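Look over the model first, then read the points below.

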Amino acid sequence: MISKFIDNKYDMKTFDLKISDGTVANATETFHADIGIKDGLITAIGKNLGKAKKVINADGKLVLPGGIEAHCHIEQESSSGIMTADDYYSGSVSAAFGGNTCLIPFAAQHRGQKLQNVLDVYHHRARPKSVIDYSFHLIISDPTDEVINIELPAIIDQGVTSFKVYMTYDKLIVDDSQMLKIMTAAKKLGALTMVHAENNAMINWMSEKLLNSSYKAPKYHALSHPRAAESEAINRAITLSTFIDTPILIVHVSTESGARIIAKARYDGHKVFGETCPQYMFLNAKNMDLPEMDGAQFCCSPPLRDKASQEEIWRCLQNGTFQVYSSDHAPYRFDETGKLHAGKKPTFTKIANGLPGIETRLPLLFSEGYLKKRITLNHFVALAATNVSKIYGLDHRKGSITEGKDADIAIWNPKLKKVITADDLHDNMEFTPYEGMEITGWPEIIIQRGNVVIEDNTLKATRGDGEFIHRKKIDCTGMPGRVAPELNSKHNFDVKFEF
Ligand code: URP
Ligand code: ZN
Ligand code: ZN
């Protein structure tokens, strides 16, 4: 640990808030310092900083950048019309209690919808309710020429610089030619394409075979989405993106075979990022082997795998194959509003997909990753906030404890032990897949732009305190990449392709 600040050059200033005596960690360094905050910004980091209107003593605590949750479904209708259990109030409160100060949920286009209308609806949902800052990723399910050539550029200009596409789900799926069209637009506009990579035909084939043989219970969901469906689709998505040389991020990777394809593409210098989620590190398909419909609580896509996969996903997080670690919070209650929307005893194909986890994402990683020495504290910070801020164009405001940045801070008590239980969580769910796990290390004080959001286990912020954050275009500096020779005029008889 370094102690790099010795002077008190800020003596004459009065800060709005000072966090004193904590151990501060960024993605690259750890040091003892006070933090001075004024007008919502970090204005000083040092020793003996002088007076402040409010002082928080962080002796014995870790002072970390507020987490940024980059993959969550909040107040979003699924393609079957089911609304998530969390709106922007409960979703953001739950995120804050889990150590986050910023969210990037999805604004989902369903077929026939105009992108601007979609974005307006989500602004309308988030603005009056969110207690922490937020942005959106779009979901594009209907890439008409109008959507791609006229609507999308306008959305990117409004600071929404990433979008997700699905290679499965009947009402969301885009085919390869649509993917190329979307990726070409992303390249031209400076946006990042996020991909839900699973081979739809393989899933349908397996589902039909299982149902024809009367394997209908929730646990068979895990078999119906084979590992090969994920790796085939990841390979295809990366092949398409590297063909035209545009950045992509493969979300919620659940298999080592998929992770290896990402690792190889990165090794080869392509603009490829990978994300995994706690469910693939802490849960496995045996959790679904429960009586009656109980296994439905663990149905998500890609599905839970096995114990060996958990270890492999941990390894890929440790070795940097995954730069992003997100909850994929998709809260559907275990009743007719969510998991059981298609009846009391649906086949596994009709169960709403998704797990809650926005509040448990960071405590799980802190306890089982950092405290158990699988990752360093700095790597924890990188996964909690810094990597996301860089990849998704937020680093002008967020992601590190640096003078000039938003004072978004989570003060963690590394010794506090608590058993996870649904009753203590702040989402609008009645279950958590992590029920009963004992976790050491929890965030205790959350600060957003200098204002206390959570203190003494109490919410201090009010609805609408969160602000929309305009994100920058995607920066691929340091990821060389190259278009395919057929598209490169040095190798294609001088044919020039417009991107
Ligand atoms: O099962 C999941 N992951 N549901 C949420 C939607 C998605 O694909 O991310
Ligand atoms: Zn997905
Ligand atoms: Zn998702």
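Which ligand atom type lies 3.4 Å from a polar side-chain atom of His71? An oxygen atom of ligand 1 does. The model is predicted, and local features are reported for residues with pLDDT of at least 70. Ligand 1 sits in the largest pocket, and that pocket holds about 930 Å³ of space.

**Polar contacts of ligand 1**

- The side chain of His71 places a polar atom 3.4 Å from an oxygen atom of ligand 1.
- Asn353 uses its backbone: a polar atom there is 3.2 Å from a nitrogen atom of ligand 1.
- Gly354 also contributes a backbone N or O atom, which lies 3.3 Å from an oxygen atom of ligand 1.
- On its own, ligand 1 has 260 Å² of accessible area, and the protein covers 94% of that.

**The shell around ligand 1**

- The shell counts 13 residues.
- His73, Lys164, His196, Ser301 and Asp328 are the closest of them.
- By class, the shell has seven polar, four nonpolar and two charged residues.

**The largest pocket**

- The volume of the largest pocket is about 930 Å³.
- Its lining is made up of 43 residues.
- Closest to the centre of the pocket are Ser79, Ser80, Tyr169, Thr349 and Asn353.
- Four elements each give at least two residues to the lining: strand 10 (162-166), helix 5 (200-212), helix 6 (220-224) and helix 9 (279-282).
- Which of the elements gives the most to the lining? Helix 5 does, with four residues.
- The lining divides into 22 polar, 15 nonpolar and six charged residues.

**Cavities**

- How many cavities of 30 Å³ or more does a search of the whole structure find? There are three.
- The largest cavity contains about 50 Å³ of space.
- Residues lining the largest cavity include Ser94, His329 and the run Pro356, Gly357, Ile358, Glu359 and Thr360.
- Leu425, Asp427, Thr432, Pro433 and Tyr434 complete the lining of the largest cavity.
- Five nonpolar, five polar and two charged residues make up that lining by class.

Notes. Residues numbered from 1 in each chain as written. Chains lettered and ligands numbered in written order. Predicted model: local features only at pLDDT ≥ 70, side-chain atom pairs only at ≥ 80, totals over all residues. Heavy atoms only, no water. Near = heavy atom within 4 Å. Polar contact = N/O pair within 3.5 Å; in protein donor to acceptor, adjacent residues only side chain to side chain. Areas by Shrake-Rupley, 256 points an atom, 1.4 Å probe, with all protein chains shown as cover. 1 Å grid on protein atoms, 1.4 Å probe; cavity = no way out; pocket = protein on both sides within 12 Å on 5 of 7 lines; lining within 4 Å. Sits in = over half its atoms within 2 Å of the grid points. Nonpolar A, V, L, I, M, F, W, Y, C, P; charged D, E, K, R; others polar. Points joined across faces, edges and corners; volume = space filled by probe spheres on them.
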